[in-house]
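Hello,

Here is the structure I said I would pass on. Please open it first, then read my notes below.

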Amino acid sequence: MVVPPLTPPLKADLRAAMRAARLRQAAVPIVPPAPFLARLARPGVIAAYLPIAGEADPALLVDAAVARGWGLALPRIARRGAPMRFLDGNAPREPGPMGLTQPVADARELVPDLILTPLVAFDRCLNRLGQGAGFYDRAFADHPQSLRIGVAWSIQRAEAVPTEPWDVPLHAVITEQGWIER
């Protein structure tokens, strides 16, 4: 299902509608599609996240990467406006801001080759609407070599996502229906 565009497309309205839709979505597994598995041919570091508030769970994608020798990084947020860091996903974890569970502050920092990112909405151009704090857009800018893959429910696809100059599009999105790329 594609959500029709808002007139005008206001980020706050789109976020509210998609967050509500995401919470109604049945939690079905996001199975690793063949194009994703092909990108795991050479080991590297995969950055993932622990889902909150109806976000699609990347666990099976992470399991596939780790089974192929990839290291795991998880995001750590100190405060709003501070850079998000990717730390060793096997380190002890603690509660963080905004309901997150994250690696402890002194865990080893890792440089991701592939970043699995949660999102609120995406469109056919693979623009991503996040929670609004800009953590992932800044992380994408800090790691331009990383493959950026959104993980979402298919109901989170919008006709168009409003963008700003600093927004960084995704390379692909994985939903319960499969792989989407431009």
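First, the ground rules. This is a predicted model, in which local features need pLDDT of at least 70 and side-chain atom pairs count only at pLDDT 80 or more, while totals for chains, interfaces and linings use all residues. Residues are numbered from 1 along each chain as its sequence is written, and side-chain values use heavy atoms, with hydrogens and water left out.

**Strands**

Helices (H or I, at least four residues) and strands (E, at least two) are DSSP runs, numbered from the N terminus. Two strands pair if DSSP finds at least two bridges between them.

Start at strand 1. Strand 1 runs parallel to strand 2, with three bridges between them. V45 has G71 of strand 2 as its bridge partner. Strand 1 also runs parallel to strand 6, through two bridges. Here I46 is partnered by L114 of strand 6.

Move on to strand 9. Strands 6 and 9 are parallel and share four bridges. I115 is the bridge partner of R148 in strand 9, and L116 is the partner of I149. Three bridges then join strand 9 to strand 10, again in parallel. V151 pairs there with I174 of strand 10.

How well are these strands covered? Buried means under 20% relative accessible area, exposed over 50%, and partly exposed in between (1.4 Å probe, protein chains only). Strand 2 has five of its six residues buried. Strand 9 is largely enclosed by the rest of the structure, because four of its five residues are buried. In strand 6, L114 and L116 point one way, I115 and T117 point the other way, and all are buried.

**Core**

A nonpolar core is a set of buried Ala, Val, Leu, Ile, Met, Phe, Trp, Tyr and Cys residues joined through side-chain atoms within 4.5 Å. The largest one has 44 residues, and F36, I46, L114, L116 and I149 touch the most other members. The elements that give two or more residues to this core are strand 1 (45-47), helix 3 (59-67), strand 2 (71-76), strand 6 (114-117), helix 4 (135-142), strand 9 (147-151) and strand 10 (172-175). Another core lies apart from it, with seven residues, among them A121, L129, A158 and V161.

Take I149 as an example. Contact means heavy atoms within 4.5 Å. Leaving aside neighbours within four places in sequence, I149 is in contact with F36, L114, I115, L116, T117, L170, A172, I174 and W179.

**Helix 4**

Which residues of helix 4 are buried? They are F135, Y136, D137, A139 and F140. Their cover includes strand 2, strand 3 (85-88), strand 6, strand 8 and strand 9.

**Pocket**

A pocket is found on a 1 Å grid over the protein atoms alone: it is an open set of points where a 1.4 Å probe fits, with protein on both sides within 12 Å along at least five of seven lines, and lining residues have an atom within 4 Å of a point. Grid points are joined across faces, edges and corners, and a volume is the space filled by probe spheres set on the points.

The largest pocket has a volume of about 530 Å³. Its lining has 30 residues, and R128, Q131, G132, F135 and Y136 lie nearest its centre. Helix 1 (11-24), strand 8 (128-129) and helix 4 each give two or more residues to that lining. The lining divides into 17 nonpolar, five polar and eight charged residues. Ala, Val, Leu, Ile, Met, Phe, Trp, Tyr, Cys and Pro count as nonpolar, Asp, Glu, Lys and Arg as charged, and the others, Gly among them, as polar.

**Single residues**

Q102 is in strand 5 (residues 101-103). Q102 is buried, at 2% relative accessible area. Not counting residues up to four places away in sequence, Q102 touches P75, R76, I77, P92, R93, E94, P95, G96 and P97.

Two residues other than glycine have positive phi. A53 has phi near 50° and lies in the loop between strand 1 and helix 3. L126 has phi of about 65°. L126 sits in the loop between strand 7 (121-122) and strand 8, and is buried, with a relative accessible area of 0%.

Best wishes
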